[in-house]
Structures are given as structure tokens and as C-alpha cells.
Amino acid sequence: MGNGNQHELQRTMKSRHLFMISIGGVIGTGLFLGAGYTINQAGPGGAVLAYIAGGFLMYLVMLCLGELAVAMPVAGSFQTYASKYIGPATGFTIGWMYWLNWAVTVGVEFTAAGMLMKRWFPMTPVWVWCIVFAVSLFLMNAFSAKSFAETEFWFSSIKVVAIILFIVVGSSVLFGFISIKGQHAPMFSNFVNDGGLFPKGISAVLLSMIAVTFSFQGTEVIGVAAGESEKPEKTIPRSIRATAWRTMFFYVISMIVLVGLIPWRKAGVIESPFVMVFDGVGIPYAADFMNFVILTAVLSVGNSGLYAGSRMLWGLARDGMASPFLGKLSRKQIPLNALITTLAVACLSLLSSFVAEDTLYVLLVSVAGLAGIVVWLGVGVSQYLFRKRFLEAGGKLDELKYRTPLYPFVPILCTVLCSIVIVSMAFDAEQRMALYCGLPFMAGCYLYYFLRIKKKQEGEQTTNEIETTQFVGNAE
């Protein structure tokens, strides 16, 4: 093992890697399984509106992140930005919240993968598949950043192609070009039947937003990967633009097709709504093919999650906010200890074999969604304060290689919308538990920082000052 203080991460990722890693982090469980939950909770029109709103919020976050990531391309990005511009305690908390987000998300992906495997192996427990996939993803991440990026590039390519095929086939079914077991083309009847566009009211849209924002989380992995990317001033802005717009397109169009094909009362989280659609189409093995593609997509998100979580732990350790043990790099410059620790926490998803997986799934999504939205909020505040202090220090806008447009409107709107989403969780009984778990975790992070980390840093600073004084005195 190398020492994390003597080694840095290698910059081996190209623009195509960054784009596909970001796509890989976002298109997975949230879309393929979470879409069913959102349709059931918000109704047909509510689900589409929720995904449009979630995509807009994601775009605001990406605009804010672009300026920060180009100006400071570091692996522990969100924690570093928050520490420098909001405060060290907040940076410490956001760093650990982001790590929690991905550790739980990887657990969600294991749970989802086990649920998908039930289609082919109904008698095999979920925990068996959790172990199989955990070992596989660990090996993919343990070789090198470049091998991870290349694997993720192809993983993501498969699911992008699959989503395009789904949109084409689903639209054909929707308008009657392909029939479902002799039924008439549904057209837009499922949008207006059984209660109309908003059968549970507009408030249901707000209550479903945490699950929707969880669906879009992962695009910000670009900020983490900036520390290992070639020419970040060119690759990051290009990847952000491509990721934001294409992700919104895939999500919103897919959601419109899904809502048109599946009555909202029949949607849920036990089986992917995408598989439900292909089950009804008479193409041989179409549903099994889609199930395989979704499994690939789920593992892709888990792959991205292990990458992002391990890099965040490494960044925290490097800045003295986590054990030095987590800051060590392997000979191939991989933060192996941080990777193993993240995977170990993610394997708590094995609980899904003892608890009803649909109930656990919603809880895990809510906890990960809360952690992720807190990080998004931190990005908005950090960018606002970064630009403000940059200008106050005499900096000129022309010096910034990438600028967030419409400043300060964009970061302020981003911060307000993220806050609204967090508050909305208190009004949903199924998601309220995430607040009971997440808020004490945040409070614990702040408390631990002030009681341990700050005192330790102050002690080290005092020791350094004493040694400096003694050295000067001896020299004189």
C-alpha cells in the first residue's frame, strides 16, 4: 500500500468517460424501478410533472457545479467547496452525507438487482445476489480508475440504447403500431381515466419529489471525477451540458410513455414498469431482455456509487476529516481502504432478505434522497459564496473558464427548491422515517466535528506554531 499523503489520483479520464459515468450514475433504479412508485403516488400527470421539476432542479445544480468543478477540480469536490466557502463543519457534514448517499444507494442497487433476479430465480434469496454483485462491483473498482471508467462507459452505453429502444417500442404500442395481447391502442386514455391527471391532487407531486430527485442524483458524479479527468476546464462543461439535457430527455419521454401504457394504480416497486410493458408485448423474450438491461443499469449505478463514495472518503481522509487509514492508496493509486469501507456499509442491503423488500426499498431511497438533496443544496450555496468572494477579492469574470449563468438567480433558486423538497418529506408518512435517520446523522456530524476534528486541528496548529517559534529562536 502507498501512503495517501505521498500519492495523488491519476488524471486518466477523458470526456466520453465523464459523460457516461454521469449518465451511469443517474439512469438506474430511480428510473427503472422508482418510476413505478412515483406513478402510483402522484398519478399520471403528477408523475410527468414531478420528473420535469426534478430535471429542472438537477439542471440548476449542474450549472452551479460546473463553475466550482472547473475552478477547483478535486476528487473530494463537494466537501472541499463547502468547507472553503460555507464552513469547515458544514464541509465535514456534507462530505459524510454524500458518502452516506452513495453507500445507501449502492445498497439500493443490490436490493433492486436481487428483486430483478427473482424473475429468473424466484426461489433464490435476495442476499445471495447481493453477495455476488458486491464481489463483482468491488473487482471492477479495485483495478484502476481507467478500467472503472471504461467499464462504466460500456455499461452506460447499453442502457442508453435500451431506453431509446423502449421509447420506440413503447410509443408504437401507445399509438397502436404494436398491439398488446389484442387490446386497442391506449393512446392517452390512462392520462385521463380513473381520476384524471392528478387523482391525488397537486400536493402528491410535491410529496413524490424526494423519490424523483433521487432518480436524478448521480449526475453530480462529474464533480467527483473532476479530480481524475484530463483537461477538466474543457471536459467538465461539455459533459455537464450533454448529461443534463440528455438525462431530462430520457426521463421525461420515458415517463410519458410509461404513464400512457400503465394505469397508475397498477404501478409499484416490486416489478419494473418497463418489464411490465414488455411482458404485454408479443415479442419473444422481450421482457427478459429488458429485465437483463435493467439489471445492467442497476449494476452500473452501483459501480458509479462505489467509485464516488470511495473518492469522497479518500478526500475526507486527505483533509484530516476521516481516519488516515481511509486516505491510503494502493500501488495502482486506488483508495482501496475507502472502497472496502463503502462496500461494507452498502452491504447492509442484505437486510432486504429479512424485511419486505418493497418497504425497505422506499426507506433506502428516501434516506439516499435526503442525503443527496442536502449535497445539492450545499452545491448551490457554495457556488453563490464562491462567486461573491471571488468578485470581492478583485477577481474578474473573464478569469473564470466556466461561469454559472444568471448569477445570483440560479444558485438562490437551486437552494430554495432543495429546501422545499427536504421540508416536503415531513408530510409523507413513508418518507418521514428518512428525516428521523438523516437529521440526527447530520447533527452527529456537526457535533463530532466540533468535539473532535476542530480540537485536533487546533492542537496541531498550536504544535506547529510552537515548533516554528522554537526554530526561529534557535536560529537567532
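Residues are classed here as buried under 20% relative accessible area, exposed over 50%, and partly exposed in between, with a 1.4 Å probe and protein chains only. The structure is a predicted model, in which local features need pLDDT of at least 70 and side-chain atom pairs count only at pLDDT 80 or more, while totals for chains, interfaces and linings use all residues. Residues are numbered from 1 along each chain as its sequence is written, and side-chain values use heavy atoms, with hydrogens and water left out.

The cysteines are described first. A disulfide is taken as a pair of cysteine sulfur atoms within 2.5 Å, and a search of the whole structure returns zero disulfides. The cysteine sulfur closest to that of C130 belongs to C347 and lies 7.4 Å away, too far for a bond. C347 is likewise in no disulfide, its nearest cysteine sulfur being that of C130. C130 is buried, at a relative accessible area of 1%, whereas C347 is partly exposed, at 24%.

Salt bridges are defined by a side-chain nitrogen of Lys or Arg within 4 Å of a carboxyl oxygen of Asp or Glu. Two are present in the structure. One of them joins the side chains of E67 and R387, with an N to O distance of 2.6 Å. This pair links distant parts of the chain, since E67 is in helix α3 and R387 in helix α16, 320 residues apart; helices are DSSP runs of H or I with at least four residues, strands are runs of E with at least two, and both are numbered from the N terminus. Both partners are buried: E67 has a relative accessible area of 1% and R387 one of 5%.

The side chains of D288 and R119 also meet in a salt bridge, at 3.0 Å from N to O. D288 lies in helix α14 (residues 286-318) and R119 in the loop between α5 (88-117) and α6 (126-142), so this contact ties together parts that are 169 residues apart in sequence. D288 is partly exposed, with a relative accessible area of 25%, and R119 is partly exposed as well, at 31%.

Rings of Phe, Tyr and Trp (its six-membered ring) are paired if their centres lie within 6.5 Å, and the pair counts as stacked with planes under 30 degrees apart, edge-to-face over 60, and tilted for the rest. Y51 and Y251 form a tilted pair, with 5.7 Å from centre to centre and 35° between the planes. Y51 lies in helix α3 (residues 34-71) and Y251 in helix α12 (residues 232-261), so the pair ties together parts that are 200 residues apart in sequence. Both Y51 and Y251 are buried. Elsewhere, ring pairs connect F92, W96, W99, Y448, Y449 and F450 into a cluster.

R387, a partner in the salt bridge with E67, also lies over the face of Y407, at 4.6 Å from the ring centre. A charge is placed over a ring if NZ of Lys or CZ of Arg is within 6 Å of the ring centre and within 35 degrees of the ring normal.

Y407 is joined to P408 by a cis peptide bond, with omega of about 5°. P408 is in the loop between α16 (357-392) and α17 (409-424) and is partly exposed, at 34% relative accessibility. The C-alpha atoms of P408 and K388 are separated by 9.0 Å, at 20 residues apart along the chain. L406, in the loop between α16 and α17, has a positive phi of about 55° although it is not a glycine. Most residues other than glycine have a negative phi, and most peptide bonds are trans. L406 counts as exposed, at 63% relative accessibility.

A nonpolar surface patch of about 470 Å² is formed by W127, I131, V135, L139 and F143. Patches comprise residues with over 30% relative accessible area and no salt bridge, joined within 9 Å for like charges and within 5 Å for nonpolar side chains (Val, Leu, Ile, Met, Phe, Trp, Tyr). Accessible areas come from the Shrake-Rupley method with a 1.4 Å probe, and for residues only the protein chains shown count as cover. L139 is located in helix α6 and is partly exposed, at 43% relative accessibility.

F191 is found in helix α8 (residues 189-192) and is buried, with a relative accessible area of 11%. F191 and I256 are 65 residues apart in sequence, with a C-alpha to C-alpha distance of 9.3 Å.
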